[in-house]
Amino acid sequence: MGIWSCLGKNVDEVRQSLYDGKSGIGIDQDRLDYGYRSGLTGIVERPKLKGLLDRRIRTGMSEEAEYAYMASREAFQMAGIDDEYLLANEVGGIFGNDSSASAVVEAARLMAEKHDSALLGSGLIFQGMNSTVNMNMSTIFHLRGVNFSVSAACASGSHSIGLAYLLIKQGLQDVILCGGAQEVNKYAMSSFDALNTFSVRMDEPTKASRPFDRDRDGLVPSGGAAALVLEDYDHATARGATILGEVCGYGFSSNGGGISQPSDDGSYIAMKRAMEDAGVKAEDIDYINAHATSTAQGDANEAKALARLFTGQRAYISSTKSMTGHECWMAGASEVVYSLIMMHNNFVAPNINLENPDEYAAPLNLTAKTIDTPVNTVLSNSFGFGGTNSALVIKKEVTK
């Protein structure tokens with residue numbers, strides 16, 4: 001696995017932030033100057049790729065593709081997969097990415113000013129496509145297997161893992177690089193800001209994201225990239241790979257209602273299907289990484305669904321979005337990485353800023369502080385606009 005986020009630029013840095021309950025949220029003055037109501041965002045450092053990739057490749061890389069490269073590079077290194085292996089073997093790539101705004105805005109600006117398409121150059125087309133991450137990862141890492149992007153709003157990263165799992169389970173691929181990526185520039189989120197969905201608690205940025213808390217006032221946007229190398233068990237053991245865990249359940253559903261309307265039924269169905277696919281019951285789950293973004297409707301509907309399955313159960317529940325903000329298209333993948341980090345370091349990360357759980361969250365076993373405890377089975381939830389729902393069950397111990 002690999003990660004590049006507002007909590008850190010690699011797995012080790014992110015592990016420490018998760019354990020310490022350290023927020024990665026701050027103020028972006030450019031957003032306020034541009035006309036946003038809220039300047040709050042996850043603060044994600046742009047990687048320095050000069051010296052790592054040649055200029056011709058860098059020209060076609062969007063911001064999110066840059067993040068994805070760094071996360072994928074770490075994931076492949078951890079998996080013991082080098083350039084020689086990638087050239088000799090078929091490896092697939094599936095990433096969640098639902099927009100690439102910056103390049104589209106820049107191309108439109110240049111055309112409006114210059115009225116000459118020749119001045120756009122060749123890079124903007126590859127930066128502006130929704131498939132920008134897959135195209136770039138396939139080119140850089142010589143991926144010759146399955147190659148497409150999942151465009152499913154804030155469930156994109158989770159669905160990418162679920163689809164990779166299904167393809168490997170069906171014997172169609174041995175190894176797939178999967179994950180999610182999200183740009184963090186001022187162009188990416190202005191339309192969301194227009195919906196009044198963002199917190200404006202700018203006097204205390206690190207306290208702005210408050211999933212399940214009665215006093216929340218909206219979500220905080222964020223981004224970066226997360227990558228995982230999924231592999232067939234026999235294939236992994238044959239080459240001596242170190243296995244971090246097993247994807248053993250994938251559940252999905254669609255709400256079939258309003259385009260921005262969450263549903264407790266839809267959430268419940270996705271979770272239930274993932275657990276049935278994994279062959280686990282509520283009492284088997286040690287930790288639930290909730291989707292909860294810090295919006296009243298979204299948090300309430302997920303809390304209702306969680307209560308139907310987990311009231312009275314021992315599973316700890318937290319939303320790491322309290323620290324990261326909402327990482328949007330990457331969130332479903334990054335939260336699996338965060339959960340794996342907890343598994344391998346025996347702790348549950350806190351739902352920071354949880355001071356007064358709302359009426360729907362009150363029955364849940366939410367943790368506002370870091371808990372030192374073994375974590376062997378995780379349920380990770382991701383829900384998105386358009387009613388798309390995804391849930392994954394991950395186990396530390398592999399079922400042979």
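## A walk through the sheet, the cores and the cysteines

Let's start with an open sheet of five strands, arranged in the order β8-β14-β13-β9-β10 with mixed pairing. Strands here are DSSP runs of E with at least two residues, helices are runs of H or I with at least four, and both are numbered from the N terminus. Two strands count as paired if DSSP finds at least two bridges between them. β8 (246–254) and β10 (316–318) sit at the edges with a single partner strand each, so one side of each has no neighbour in the sheet. On average, neighbouring strands are turned by 15° against each other, direction ignored.

Before going on, keep in mind that this is a predicted model: local features need pLDDT of at least 70 and side-chain atom pairs count only at pLDDT 80 or more, while totals for chains, interfaces and linings use all residues. Residues are numbered from 1 along each chain as its sequence is written, and side-chain values use heavy atoms, with hydrogens and water left out.

Now zoom in on the sheet. Strands β9 (residues 287–289) and β13 (residues 377–384) run parallel and are joined by three bridges. Here Tyr287 stands opposite Val378 in β13. Helix α15 (residues 331–345) packs on the sheet and touches β9, β13 and β14, with its direction at about 165° to that of β13. Helix α9 (residues 156–169) lies across β8, β13 and β14 (388–395), at about 120° to β8. These angles run from 0 to 180 degrees between N-to-C directions, using lines fitted to C-alpha atoms, for helices over the stretch in contact.

What about the inside? The largest nonpolar core has 73 residues, and Leu230 is one of those touching the most other members. Such a core is a set of buried Ala, Val, Leu, Ile, Met, Phe, Trp, Tyr and Cys residues joined through side-chain atoms within 4.5 Å. Helix α4 (residues 63–79) gives this core its largest share, nine residues. Leaving out residues up to four places away in sequence, Leu230 touches a group including Ile161, Cys178 and Val247, where contact means heavy atoms within 4.5 Å.

Finally, the cysteines: there are zero disulfides, a disulfide being a pair of cysteine sulfur atoms within 2.5 Å. For Cys154, the nearest cysteine sulfur, that of Cys328, is 4.7 Å away. Cys154 counts as buried because its relative accessibility is 8%; buried means under 20% relative accessible area, exposed over 50%, and partly exposed in between (1.4 Å probe, protein chains only).
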